[in-house]
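Please read them with the structure open.

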Amino acid sequence: MNCLEERILKDGIVKEGNVLKVDSFLNHQMDITLFDEMGKEWKKRFEGKNITKILTIEASGIGIACVVAQHFGVPVVFAKKAKSINLEGEMYTAEVESFTHKNKNQVIVSKKFLQENDRVLLIDDFLANGCALLGLIQIVQAAGATVEGIAIAIEKGFQSGGRIIRNLGYQLESLAIVEEMNCQTGEIVFRKQ
Ligand code: 5GP
């Protein structure tokens, strides 16, 4: 069991609606030492990939991405959630449905910060149904850049995102894959990796 899985068992709380709450160490209060360990592990898993940029999505991916970026020595860009104004021209845009809030957001990245020759590592805290990642992939493709890999802290393996993303052929590295979780008992079971 890796340190993220151990921490989830210690401090994660299973909520109704297939939501795992990890706000004491991952996406509200943030354990930077843990993020640094995650960065080391992803650096190993993406060995040999010539990554030039990390792309994440506002808000909870940003903290993780910034610490992890120190292991890759590349800049972090985050897709911003924006009001639906006409941003075509200077921005790449994608529509992303929020798993936790159930609303749709337009996310934007300035054309200045993604180039055709960029080899991008996508990072996010969770993978559920894959909407956030598919939005980020769409933005990278619009820039003519390449998705080199995808780094997810916690994949919920019982939801469809992981299968969709792997079927598209991407190297998806999730540090913890939750196979089952029960909001009555609080039990969490991980997929063996
Ligand atoms: P997806 O787009 O893959 O359906 O959901 C991923 C996004 O929803 C992530 O960016 C994450 O912020 C949020 N999310 C999905 N599942 C969970 C969860 O169980 N707990 C928390 N805290 N956030 C989640």
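1. Strand 7 is the leading contributor to the lining of the largest pocket, to which it gives 4 residues. The model is a predicted one, and the points below should be read with that in mind.

2. The largest pocket holds about 770 Å³ of space. Its lining comprises 30 residues, of which Ser-60, Ser-98, Phe-99, Thr-100 and Asp-125 are the closest to its centre. Besides strand 7, the elements that each supply at least two residues of this lining are strand 2, strand 5 (91–97) and helix 4. Sorted by class, the lining has 13 nonpolar, 8 polar and 9 charged residues.

3. The ligand sits in this largest pocket, and the elements giving two or more residues to the shell around the ligand are strand 2 (19–21), strand 7 (119–127) and helix 4 (131–142). Strand 7 again gives the most, with 4 residues in the shell.

4. Of the 17 residues around the ligand, those that come nearest are Leu-20, Asp-124, Asn-129, Gly-130 and Lys-156. By class, this shell has 8 nonpolar, 6 polar and 3 charged residues.

5. Which atoms of Leu-20 and Lys-156 lie 2.8 Å from a nitrogen atom of the ligand? For Leu-20 it is a backbone N or O atom, whereas for Lys-156 it is an N or O atom in the side chain. The protein covers 89% of the 510 Å² of accessible area that the ligand has on its own.

6. The second largest pocket has a volume of about 170 Å³, and its lining residues include Met-1, Arg-45 and Gln-193. That lining has 2 nonpolar, 2 polar and 4 charged residues.

Notes:
Residues numbered from 1 in each chain as written. Predicted model: local features only at pLDDT ≥ 70, side-chain atom pairs only at ≥ 80, totals over all residues. Heavy atoms only, no water. Near = heavy atom within 4 Å. Polar contact = N/O pair within 3.5 Å; in protein donor to acceptor, adjacent residues only side chain to side chain. Areas by Shrake-Rupley, 256 points an atom, 1.4 Å probe, with all protein chains shown as cover. 1 Å grid on protein atoms, 1.4 Å probe; cavity = no way out; pocket = protein on both sides within 12 Å on 5 of 7 lines; lining within 4 Å. Sits in = over half its atoms within 2 Å of the grid points. Nonpolar A, V, L, I, M, F, W, Y, C, P; charged D, E, K, R; others polar. Points joined across faces, edges and corners; volume = space filled by probe spheres on them.
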